[in-house]
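Dear colleague,

I am handing over the structure we spoke about, and my notes on it follow below. Please read them with the model open beside you.

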Amino acid sequence: MTIRERFNRVFHWEAPDRVPDMEFGYWDKTIAVWHDQGLPRACRTNEDVERHLGLEGISIMPEVPIERGLYPVFEEQTLETKGERRIVRTKDGALAEMLDYDSSMPKFIRFAVETRADWEKLRDERLDPGRPGRVGDVGAAVAKAHAAGMPILFHCGSLYGWLRDWMGLENLSIALLTDRAWVEEMMEHLTLMDLEFIEEHIPAGKVDVAWWWEDMCYNHGPLMSPKLFEELMVPRYKRITDALKTRGIDVSVLDCDGRIYELVPGWLRGGINCMFPIEAAHTDPLRLREDYGRDVLLLGGVNKLALISGREAIDRELERLHPLVERGGYLPCVDHRVPPDVTYENYLYYLEKKKAIL
């Protein structure tokens, strides 16, 4: 079987010859640390590492060539250097102070959207779905993925996560309470962009999965109320996933960290049916399976802390998850990008042990 056939069988509750050996990726600092622990120095990107290790992972999964977010993005610039910290203009247009490596959160100084005028400028200049260059050769990309036996994804983007990046969590939270119509206007624009891309550019029966990014939960729960989530976002998800289904795409993967329990019912009602990366310290994939049965698909869920702790912890974690693999509808991988605390030796051990349950 090809990777594409295995992927589609798992997520349609059919039996593959084996489960695909997928992983989520690595922090840049992890790769740098691993160079001193045995990883060839030629491996510099997530894709390099996955190919070197023989993985069938997320980093090498091809995408439909449609630029879904800001286009063009802002030019990333270092405006000032303070020791190991830099003041940077990010690709999202924010001004931020950050470390020289990417495994820590930046400190934001200003965001691209702080007023309605900022939004209108961003919308008109960088969120025009018809802007030349946004859409590449979709047919060629699909044909290349199929020839390689790989699933191909359409990235649907985000309704909340992008607004949070463009506005900042505090500004978006205040806007939800003081100017709900403005937030709805922004979410509706993003929805209409998706619908236009699907209708105009997604070929029927050729694309395997839709992918979403909505980092909108932390370790204690959602960053917006479930009530507002249900009112503002779930109906818009449903419009998009209904359009996806007309193109034969019935698997939608939702990328959200933290404790997601309170939002899973709404995502499912909105047609988003696969939870990822299932950050195990805050969300238990076994509980999701128990609560929602075959209504939910699972991708991720291997506790990164077990890989830090060592072989015995890795064994226990994979034994815990083995029943989910056997039941189907689940692809195990580390529950976020692998941090530098995980040694290369432990990671190789984890991969070998995981193969036994795939």
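Of the contacts in the chain between residues at least 6 apart in sequence, 69% join residues at least 24 apart, where contact means heavy atoms within 4.5 Å. This is a predicted model, in which local features need pLDDT of at least 70 and side-chain atom pairs count only at pLDDT 80 or more, while totals for chains, interfaces and linings use all residues. Residues are numbered from 1 along each chain as its sequence is written, and side-chain values use heavy atoms, with hydrogens and water left out.

The chain has 15 helices and twelve strands, taken as DSSP runs (helices H or I, at least four residues; strands E, at least two) and numbered from the N terminus. Its radius of gyration, taken over C-alpha atoms, is 20 Å, close to the 21 Å that the globule rule gives for 358 residues, so the chain is as compact as a globular protein of that length; the rule is 2.2 Å times the number of residues to the power 0.38. Buried residues make up 53% of the 358, buried meaning under 20% relative accessible area with a 1.4 Å probe, protein chains only.

Leaving aside neighbours within four places in sequence, Gly329 is in contact with Val10, Phe11, Trp13, Arg289, Leu297 and Leu298.

Best wishes

How values were computed
Buried < 20%, exposed > 50% of the residue type's maximum accessible area, 1.4 Å probe, protein only.
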